[in-house]
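The sequence and structure come first, followed by the description.

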Amino acid sequence: MNSQWCQSMSNRVGARARCGSGLPQGGFTLVEMAIVLLVIGLLLGGALVPLSVQMEKRDRDSTRKQLLDMREALIGYALVNGRLPCPDTDGDGLIDISTSCTNVEGDFPWADLGLGKEDAWGQSFTYRVSGDFADTTDGTGCATSPTAGLSFSLCSVADISILDGESGSAVASSIPAVIASHGKNWALTISTDEAENSDGDGIMVDRVYSNSASPTFDDLVVWVVPNILKSKMVSVGLVFGDNNNNGNNGNNGNNGNNGNNGNNGQGKGKGCENSSGNSQACNN
């Protein structure tokens, strides 16, 4: 009886039962395959978004470290040469100068300083310097007692300002030099804050990272703090003229991108960038 039933079942079209075993004879149906593929697709899709965020964070961390090293290189150059370097204006990585900087903004002079050719996205860094801190005239901006061989003195006042938005509040003022990476999008967005960092004037923006809220901002900015620069010049025995430290507040300084990687002074948006690129409180 049982064998006759099994034979009957096996002769039916589409029968999948194997007599005596209880196991299916065929493979997955199309519906089952579709469900499996859907589940795999959802799992892969969920993994790709965190992966892209982690890759961007890695690139930002790498670029931030470059910027901090480049700032140290600027101060080292000033200690050796008595002035900050002029920018590279023709793309060869070399400092372009006559008796003064022909242009005070251009690319970072990576060949002369030995680092800082490109950021993590393969783009050149923007570098701007205050002309009075980079020319070959002794003590530019100081009326009395300039020190021979030094472009600037204690009374020299730089002309670069850092704001927290295109028309925002001051983060730092009287800054001698600033370096910027324009981030993953390289200022290709319509963000007015990012546009301020590529318009060639003496105002730069540094604020918290944002890839969604308008205006977006993914630039990374560091600057040379005037009082730190002058203090280092004095500490190695270089003699300055006028002791009136007039207007050189250089307040706030920073340790990278304000709001993304904290700061060394009193800057706004003190925080750290988490794995999603958002700002969060931290301590340096």
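How many salt bridges does the count come to? The structure is a predicted model, and the count comes to 6 salt bridges.

**Charge pairs**

Side chains of opposite charge can pair when their charged atoms come close.

| Pair | Distance, N to O |
|---|---|
| Asp-61 and Arg-64 | 2.6 Å |
| Lys-65 and Asp-69 | 3.1 Å |
| Glu-105 and Arg-128 | 2.9 Å |

Asp-61 and Arg-64 both belong to helix 2, where 3 residues, about one turn of the helix, separate them. Asp-61 is partly exposed, at 30% relative accessible area, whereas Arg-64 counts as buried at 10%. Lys-65 and Asp-69 are likewise both in helix 2, 4 residues apart, again about one turn of the helix. Lys-65 is exposed, with a relative accessible area of 53%; Asp-69, at 33%, is partly exposed.

Arg-128 is buried, its relative accessible area being 11%. Salt bridges with shared partners also join Lys-57, Asp-61 and Arg-64 into one network.

**Nonpolar cores**

The largest nonpolar core contains 29 residues, and those with the most contacts inside it are Leu-74, Leu-84, Phe-108, Tyr-127, Ile-179 and Leu-229. Two or more residues of this core come from each of helix 2, strand 2 (126–129), strand 5 (177–181), strand 7 (220–224) and helix 5. Helix 2 gives the largest share, 7 residues.

Which residues does Phe-108 touch, not counting residues up to four places away in sequence? They are Met-70, Leu-74, Asp-88, Leu-113, Leu-115, Gly-116, Phe-125, Tyr-127 and Ile-179. Among them, Leu-74, Tyr-127 and Ile-179 are listed with Phe-108 as having the most contacts inside the largest core. A second, separate core has 11 residues, including Ile-162, Ile-175, Val-178 and Val-221.

**Helix 5**

Helix 5 spans residues 226–235, and its buried residues are Pro-226, Leu-229, Lys-230 and Met-233. Why are these residues on the same side of helix 5? They cover an arc of only 95° around the axis, which puts them on the same side. Just after helix 5, Gly-237 takes a positive phi of about 95°.

**Surface patch on the nonpolar side chains**

Val-31, Ile-35, Val-39 and Leu-43 make a nonpolar surface patch of about 400 Å². Of these residues, Ile-35 is found in helix 2, which covers residues 30–81.

**The loop at Pro-215**

Where is Pro-215 found? Pro-215 is in the loop between strand 6 (203–205) and strand 7. Is Pro-215 buried or partly exposed? At 28% relative accessibility, Pro-215 counts as partly exposed. Not counting residues up to four places away in sequence, Pro-215 touches Ser-191, Thr-192, Asp-193 and Arg-207. The C-alpha atom of Pro-215 is separated by 8.4 Å from that of Glu-194, and the two residues are 21 residues apart along the chain.

Note on methods
Residues are numbered from 1 along each chain as its sequence is written. This is a predicted model: local features need pLDDT of at least 70, side-chain atom pairs count only at pLDDT 80 or more; totals for chains, interfaces and linings use all residues. Side-chain values use heavy atoms; hydrogens and water are left out. Patches are made of residues with over 30% relative accessible area and no salt bridge: like charges are joined within 9 Å, nonpolar side chains (Val, Leu, Ile, Met, Phe, Trp, Tyr) within 5 Å. Accessible areas come from the Shrake-Rupley method with a 1.4 Å probe; for residues, only the protein chains shown count as cover. A salt bridge is a side-chain nitrogen of Lys or Arg within 4 Å of a carboxyl oxygen of Asp or Glu. Buried means under 20% relative accessible area, exposed over 50%, partly exposed in between (1.4 Å probe, protein chains only). The arc is that of the directions from the helix axis to the C-beta atoms. A nonpolar core is a set of buried Ala, Val, Leu, Ile, Met, Phe, Trp, Tyr and Cys residues joined through side-chain atoms within 4.5 Å. Contact means heavy atoms within 4.5 Å.
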